Amino acid sequence: MNLTDPSVIRRLLGREDFHLKKSLGQNFLIDETVCPRMAELACAPETGVLEIGPGIGVLTAELAKRAKKVVAVELDTHLRPILSETLAPYKNASVVFGDVLKLDLARLLSESFSDCASITICANLPYYITSPVLMRLLESHLPIASITVMVQKEAAERLCAPVGSRSAGAITVAVSYYCKPKICFEVDRTSFMPPPNVDSAVIHLELLPSAPVELEDEAFFFRFVQACFAHRRKTLCNSVSSALGLDKQALAFALQSLGLPLTVRAEALSLDQLAALSNRFKRD
């Protein structure tokens, strides 16, 4: 069954009276080259792969051909009969129906992949949940080696931007703290049915063995970073003072102690500088 053939997809969905849900960002891949490339990035013969949002199972099938075991998490229970059919040939693939933002992922990985040499995550993420899902995966400190995801092209550029560049945001800082990010290839909007209004890109996030900076308090650091980028047009001093209620004079002194101008904006700071500022205020 060619799951990237539009006529096959329509027949499959029609037989189950399945209707695409815009609210869940359901767009099915019809470019047969994309999923094999994603699977190659995410898989090795002894790897266990957690997939998020399998849809009709196009990527799941490619993962199952290459990995030791695949567990896909799907929110839409109406896809149950379709996935039962499309994944029937792959005995090493299974589906868990639930919300990835609410599931106990540590337990799921432990129970599913105890016999695997490594664990990775692979997903064609709906655009509206890209940041929440990535932050959930990263902040949970799961025993994973990498995350390979397709996201909106603009989001990919922000996620993989250097910290300290104009494209950077709070999510950029988080990704750089936990991972080594890379944009692997772009995916045109015509690769989907129905086509979205934007192009996409596949990124690969290799989890770092240890944090690149030392923090007094990781949770406070991320609150501080969110405050820094909360109002991009404001100076860092004004933005953080407004969001966290920190004294402006103390902020000004901290910036000066690092040799930074009072007019500096968050996007101009390196990961080391953000960590140094966070640590200073956590200690105080």
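These legends accompany close-up views of a predicted model.

View 1. The structure holds 1 cavity of 30 Å³ or more, with about 40 Å³ of space in the largest cavity. Around that space you will find Cys-228, Phe-229, His-231, Arg-232, Lys-234, Leu-236, Arg-265, Ala-266 and Glu-267. Sorted by class, this lining has 4 nonpolar, 1 polar and 4 charged residues.

**View 2. Nonpolar cores.** The largest nonpolar core has 64 residues, of which Leu-50, Ile-147 and Leu-236 touch the most other members. Leaving aside neighbours within four places in sequence, Ile-147 is in contact with Ile-121, Leu-134, Leu-137, Leu-138, Ile-203, His-204, Leu-205 and Leu-207. A second, separate core of 33 residues includes Leu-3, Phe-28, Ala-93 and Val-187.

View 3. Arg-166 pairs with Glu-267, their closest N and O atoms being 4.0 Å apart. Arg-166 lies in the loop between α7 and α8, and Glu-267 in the loop between α11 and α12, so the pair ties together parts that are 101 residues apart in sequence. Arg-166 is exposed at 72% relative accessibility, whereas Glu-267 is buried at 19%.

View 4. One of its links runs between Glu-62 and Lys-65 (3.3 Å, N to O), both in helix α3. Glu-62 is buried at 14% relative accessibility, while Lys-65 is exposed at 51%.

Definitions and conventions
Residues numbered from 1 in each chain as written. Predicted model: local features only at pLDDT ≥ 70, side-chain atom pairs only at ≥ 80, totals over all residues. Heavy atoms only, no water. 1 Å grid on protein atoms, 1.4 Å probe; cavity = no way out; pocket = protein on both sides within 12 Å on 5 of 7 lines; lining within 4 Å. Points joined across faces, edges and corners; volume = space filled by probe spheres on them. Nonpolar A, V, L, I, M, F, W, Y, C, P; charged D, E, K, R; others polar. Core = buried A, V, L, I, M, F, W, Y, C linked by side-chain atoms within 4.5 Å. Buried < 20%, exposed > 50% of the residue type's maximum accessible area, 1.4 Å probe, protein only. Contact = heavy atoms within 4.5 Å. Salt bridge = Lys/Arg side-chain N within 4 Å of Asp/Glu carboxyl O. Helix = DSSP H or I, 4+ residues; strand = E, 2+ residues; numbered from the N terminus.
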